[in-house]
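Keep the structure open as you read.

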Amino acid sequence: MALLFPQFNQGSLREATVWTDGRMVGPWIPEELALVGCPFCAETFWTRESLALGTANESYSDTRWPEARFVTELDAAAILQAVVVGRADTPRKEKYLRLHAWWRDGDRRREGVAKELDLTAPGEEMRANMRRLHLLADEEMPDDRLMKAELSRQLGRFEEVQHLLAFEFTREEHVKAAARIRELSLAGETTVAKVDFPLGPEAATA
């Protein structure tokens, strides 16, 4: 059974938009999730556990596997289901999947990203995911501390936001993200929003 994995060129970060949850979106900047679905059996698996058999691009196609099909992208619900069935067998993997599920759910509220903007609040399953991700985040790491503050804001725990942001961030992008999250929290806003700088908190890696 052969599977196809899409390859992407790296886009320009100058054209990217950064959001308060740390998600960066821009032309040719795909979110390449390290967990994908099999189009044949619908099971999920980590891409690093697959074996590369050949390559294909605009100038050359490997025709040894004509039955090959592209792997399936996972939406937020599928990512959370992967956690349930045991694909997150380490805390690092769990954190990675829960973060990406949160991002995917948030995409429907991102102007310019969502096909049809939907500003309804996250459902209970996603809120449970957000609470668990909040527990997994390490407050001693600036990126994680910002993520916890944003999770607290989206969960409506505004006093907690102020506590988490009472921290001496040193990197300019952290300072700007903290200011934006604080501003939204003080206004009682819970929806993901844009941050005015080109680079944002780094995503956790699997």
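This is a predicted model: local features need pLDDT of at least 70, side-chain atom pairs count only at pLDDT 80 or more; totals for chains, interfaces and linings use all residues.

**Two helices side by side**

Start where Ala76, Ile79, Leu80 and Val83 in α1 meet Leu97, Arg98, His100, Ala101, Arg104 and Asp105 in α2. Contact here means heavy atoms within 4.5 Å, and helices (H or I, at least four residues) and strands (E, at least two) are DSSP runs, numbered from the N terminus. The residues of this α1 and α2 contact split into six nonpolar, one polar and three charged.

Residues are numbered from 1 along each chain as its sequence is written, and side-chain values use heavy atoms, with hydrogens and water left out.

How do the axes of α1 and α2 run? They come within 8 Å and cross at roughly 160° (axes are lines fitted to C-alpha atoms, for helices over the stretch in contact, and angles run from 0 to 180 degrees between N-to-C directions). That makes α1 roughly antiparallel to α2, a label for angles over 145 degrees.

Now for the inside. The largest nonpolar core has 24 residues, and Leu35, Leu97, Trp102, Met126 and Met147 are those with the most contacts inside it. Such a core is a set of buried Ala, Val, Leu, Ile, Met, Phe, Trp, Tyr and Cys residues joined through side-chain atoms within 4.5 Å, buried being under 20% relative accessible area (1.4 Å probe, protein chains only). Two or more residues each come from α1 (76-84), α2 (91-106), α3 (124-136) and α4 (142-154), with the largest share, six residues, from α2. A second, separate core of nine residues includes Val161, Leu164, Leu165 and Phe169.

Next, find Arg153 in helix α4. Is Arg153 buried or exposed? Arg153 is buried, at a relative accessible area of 0%. Beyond residues up to four places away in sequence, Arg153 touches, among others, Thr20, Phe158, Val161, Ile181 and Glu189.

Finally, zoom out: the protein has six helices and seven strands, and 43% of its 206 residues count as buried.

How values were computed. Buried means under 20% relative accessible area, exposed over 50%, partly exposed in between (1.4 Å probe, protein chains only). Angles under 35 degrees count as roughly parallel, over 145 as roughly antiparallel, 65 to 115 as roughly perpendicular and the rest as oblique. Ala, Val, Leu, Ile, Met, Phe, Trp, Tyr, Cys and Pro count as nonpolar, Asp, Glu, Lys and Arg as charged, and the others, Gly among them, as polar.
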